[in-house]
Every structure is written in structure tokens, then in C-alpha cells.
Amino acid sequence: MSEPAPRVISVVTPCYNEEANLPECHASLREVFARELPGYRLEHVFCDNASTDGSVEVLRRLAAEDPSVKVVVNARNYGPFRSTFNGLRHATGDAVVVLFAADLQDPPEVIAQFVREWEAGAEVVFGIRSQREEGAVMRGIRRIYYRMVSRFAGIDIPLDVGEFQLIDRKVHAALLEHDDYYPYIRGMIANCGFRTKGVPYVWRARKRGFSKNRFYHLVDQGLNGLISFTNLPMRIAMFVGFAIALASFLYAIFTMVANLATHGSLTVPGIPTLIVALFFFGGVQLMFLGIIGEYVSAIHFQV
């Protein structure tokens, strides 16, 4: 009687101009599977985001030497999240590590812990960045941001969690049903539900090269996370507009009463009218923009 085929663990690694890191990324993951996960077969899916250095040549060499390596080359730079989602479409394993960074800031040995939790019954195993090897300013900004997203999202998004997660095949299938032009993957996984388990780890500092995520890209990704699963910005606009319009109306009443009491000597004629008109109609416009935003948000969530 033949032995059953080993279960396959797919690991998706998006990359952009990571020529110096790719060999170590591949070797370190193979070492972890050989040492800690000998009963599993690795499928390492690299998704290159139209690199301009020698990354594609390095990936082709790795694929020629190792049959467990799959290489997807994007036609252009789609950004890290869309590139990752494209890589997920080509993963075929029994479980999938959604994003294993080529710069090794997410330790490969944590994947072995993910697999053990998955075998114990968890269908989503997410890495919790309990410590970060980075400056205090960025660490504080990220901490505040994660808590904002978790607090105001309409779903339960775990704190300090990125895309370094292992998901079961059924979760992977549910994730691929999303059709989002700019996928906020960690939120989409949380939206799928299923049984979850967190594994804390230390997010390492980059050893080689530099991050391709500049300040603008980080802000863009952060805003995408805020608007993907919450309508808070539109509601803030609506309530602020209502508050401004109400304050303008109360100011108009106060000014009228004060001028009647002082026989018009309190202010220069016409100035209170301009102030009230400016702020009242500005507040009304902002309030109605917020109301329109609520309808746009409802369409977004349905689509």
C-alpha cells in the first residue's frame, strides 16, 4: 500500500528589485522545510512586479534549479498588494502563506509554527508583530494606525497583523472570490471568517537593500486600509458639516439678539450676515457630501 502524498504548503513571495535578497530568501525557506517540516512539500511562488534590476534572471535560475519554485512576472508594476494577489492566484497548496517578504523581515522559521497551528485546527494563522526592529517614530505611527483600522472597521481585524499569514485551502478559495482593484488583503482575510490563531514574532530590520515603499506609498496603502472596510471618513464629514451649519445658525441668532439689545452698535452692518452665510452653506455642503459618501460606501460594500 503506497504512502499518501505529502501535503503541499504554498508560500507567496512578491518582489520588486530584490536581486540581492532572492537567493537567501529561497535558501532560508528550503532550510526551514528540510529541518522543521520534512513531511511537507514546498511550493514557492515568486511574483515579480516588473523589476528593473536582475531579479527576473535570478528567479529563472532558481526555477531551473528547483522544481518547487514557480515564477510569475507581471507585465507592469501593480503595487505590492495587487502583485501579491496575483501570486495567490497561482498558489495550489493545501495551505498558503499569503506573503513571505523577500527581504526576510518576516522570519521563515515562524512558518513552521504556522503549519503546526494549522494542523491543530486553525484555518487562518496570522503573525502578530509583537516587536519591531525599526525606529520609535515609525513604530508609534504603525501602532496608532493598526488600532484605528481595527477600531473603526466593520469587521474584526487583528491588531499588529500584516499579510504574513497562513490560510487553509478553503480560506484561499474564499479570498480569491474577491474582485478588488486595490485589495486590502489582511482585511479581506478577516472578512472571510473561519477559525483563527495568532503567533507573535519579532519583525526584523532589513539586512540588504532598501524598502521600495516610500512615504507616499505607505500613506496610499494606509488610506486604502482605512476606506476599504469602514465608512468612518464619510460619517466624520457628515457630522462635521452638520455641526458647522448648526453653529452658524446659533451664531446668527446670537448676533441678531445682541444687535437688537445694543441697537446695532455691536458689529459693522453686513459682516455677521457674510460670516453666517459662508459657514452655514459650507457646513451644509460638507454634510451633503458626507450623505453622498454614505451611498457610495453602500455601493462599494455591495460590489
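The model is predicted: local features need pLDDT of at least 70 and side-chain atom pairs count only at pLDDT 80 or more, while totals for chains, interfaces and linings use all residues. Residues are numbered from 1 along each chain as its sequence is written, and side-chain values use heavy atoms, without hydrogens and water.

**Helix 1 and helix 4**
- Helices here are DSSP runs (H or I, at least four residues), numbered from the N terminus.
- Leu29, Val32, Phe33 and Glu36 of helix 1 meet Ile111, Ala112 and Arg116 of helix 4, contact meaning heavy atoms within 4.5 Å.

**Cysteines**
- There are zero disulfides in the structure, a disulfide being a pair of cysteine sulfur atoms within 2.5 Å.
- Cysteine 25 is in none; the nearest cysteine sulfur, that of cysteine 15, is 8.2 Å away.
- Cysteine 25 has 0% relative accessibility and counts as buried (under 20% relative accessible area; exposed is over 50%, partly exposed in between, with a 1.4 Å probe and protein chains only).

**Arginine 30**
- Arginine 30 sits in helix 1 and is partly exposed, at 42% relative accessible area.
- Leaving aside residues up to four places away in sequence, arginine 30 touches Leu42, Asp66 and Ser68.

Conventions: Helices (H or I, at least four residues) and strands (E, at least two) are DSSP runs, numbered from the N terminus.
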